[in-house]
Amino acid sequence: MQLQRILPATLVLLTTGSASAADFHPMTPTVCHTQVAPLFTTGGQYLDPNNGVRQDAWSMLMRWQGNIASTPVSYNVGTFTGLSVPAPFSAWQRGQQPESASGTPAAQVYCHDAGMLLNTWTSPRTHVEGGGYNDMFGYAWSPANRPRPFKLFTARNGVLGMWPTELVLQGNMAVPLVTGWNSPDGGTTWNGISNPGPGDVYNSGAAQLSMFAYLRDTSHPNLRPIGVLAGAYANNIPASPCPAHGRATILYDYPNGAWFTGNALCNTDLSTVRYTGATSTNSQFSDLRFFRVHYTRQNLINLVQRINNQLCTVDAAGNLETGKCKCSNPGVTCPPIGYSINPDDYVIEYTGVLAEITKCKPGEECSTTKADRQISMTSRVNGYGAFWYVP
């Protein structure tokens with residue numbers, strides 16, 4: 001298990017998938033983190049100036065859970081995340097105070113690994129626009145250093161030419177624990193609540209673990225970045241999450257936010273899977289599993305065209321539907337549109353793994369302010385990275 005924990009993302013390419021490792025070129029640096037205190041940050045929405053995302057660096061962004069990024073945590077968070085860190089635990093962990101070994105919110109960073117524990121019980125019951133409590137372990141570039149994920153390579157395995165590239169997101173991940181409580185007591189007790197347990201997760205909230213990347217159109221710098229998300233785990237997806245019609249979903253997080261596509265690991269018009277390995281699941285798993293997704297130039301073109309034409313949803317037959325984005329006025333009731341359809345115009349700003357929870361039950365809007373239910377989730381990430389792939 002020790003070897004698996006410290007395996008860099010670049011070495012994963014040598015052991016996983018059917019493509020030649022020589023066709024992969026890393027975008028994110030491979031770093032074994034030994035001085036982790038600067039990595040823990042907190043902040044507001046990604047589009048805000050105070051977003052907490054470090055530039056040209058890795059970070060563990062802990063949002064909407066109070067000021068928890070600067071306070072060391074001494075209890076063994078690895079009991080829940082599966083990530084064992086050396087003593088003293090407080091050297092590698094930050095989280096909520098006062099802390100409790102029952103599982104108060106915390107995050108870990110150790111070498112190539114990260115652990116995340118989210119828990120609504122002790123997090124502030126405040127409104128989070130467009131989402132829920134979340135941790136984001138990832139890497140961001142400053143404007144001058146942002147790579148172009150769909151650029152043309154001039155050589156492939158030593159052969160000269162013009163080779164189009166694909167954006168690849170990949171890493172080893174685990175979701176060891178997801179627990180829900182649904183009670184009329186207002187969520188004021190914790191260990192004293194009757195009948196807590198994972199059987200009530202679906203009626204208590206939504207939980208997800210996803211790889212993500214933010215892409216920016218440099219030819220329209222005033223437009224919002226576009227997010228792509230690939231789900232390793234979500235408690236509310238169907239057992240067979242890939243759409244038979246091959247059309248992925250497009251959404252936006254809030255009116256002044258960002259357009260994004262958030263889907264399972266599937267071959268769709270907006271994403272591509274080129275290997276046999278771990279697939280999206282609605283069941284928790286404690287073993288590290290390898291997940292990978294590709295975004296081709298055509299996937300990006302399809303995504304931008306659907307955003308520009310507001311072709312967000314599909315009907316039961318898989319036909320695209322116009323104007324079903326809850327968006328009547330782009331730039332006011334939803335993010336503005338008018339993106340370039342040339343993949344060469346795009347750079348990647350920020351990429352990583354997102355763990356997120358919020359409170360709701362099927363058929364109702366999710367919110368972090370609900371008082372009659374609670375949910376918690378733990379996750380682990382190993383060797384995450386973003387790559388160019390030359391097919």
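**Aromatic pairs: a guided tour**

Begin by selecting Phe 137, which is buried in this predicted model; its relative accessible area is 3%.

To see the context, display strand β3 (residues 57-63), which contains Trp 58, and strand β7 (residues 133-140), which contains Phe 137. Because the two residues lie in these separate strands, the pair ties together parts that are 79 residues apart in sequence.

Keep Trp 58 selected and turn to Tyr 139. How are the rings of Trp 58 and Tyr 139 arranged? Their centres are 5.5 Å apart and their planes stand at 70 degrees; an angle over 60 counts as edge-to-face, so this pair is edge-to-face. Trp 58 in strand β3 and Tyr 139 in strand β7 are 81 residues apart, and their pair links distant parts of the chain. Tyr 139 has a relative accessible area of 9%, which is under 20%, so Tyr 139 is buried.

Now select Tyr 46, Phe 212, Tyr 214 and Tyr 350 together. Ring pairs link these four residues into a cluster.

Two further stops concern charges over rings. At Trp 388, Lys 151 lies over the face of the ring, at 4.2 Å from the ring centre. At Tyr 275, Arg 292 lies over the ring face, at 5.4 Å from the ring centre.

Terms used
Residues numbered from 1 in each chain as written. Predicted model: local features only at pLDDT ≥ 70, side-chain atom pairs only at ≥ 80, totals over all residues. Heavy atoms only, no water. Helix = DSSP H or I, 4+ residues; strand = E, 2+ residues; numbered from the N terminus. Buried < 20%, exposed > 50% of the residue type's maximum accessible area, 1.4 Å probe, protein only. Phe/Tyr/Trp six-rings, centres within 6.5 Å; stacked < 30°, edge-to-face > 60°. Lys NZ or Arg CZ within 6 Å of the ring centre and 35° of its normal.
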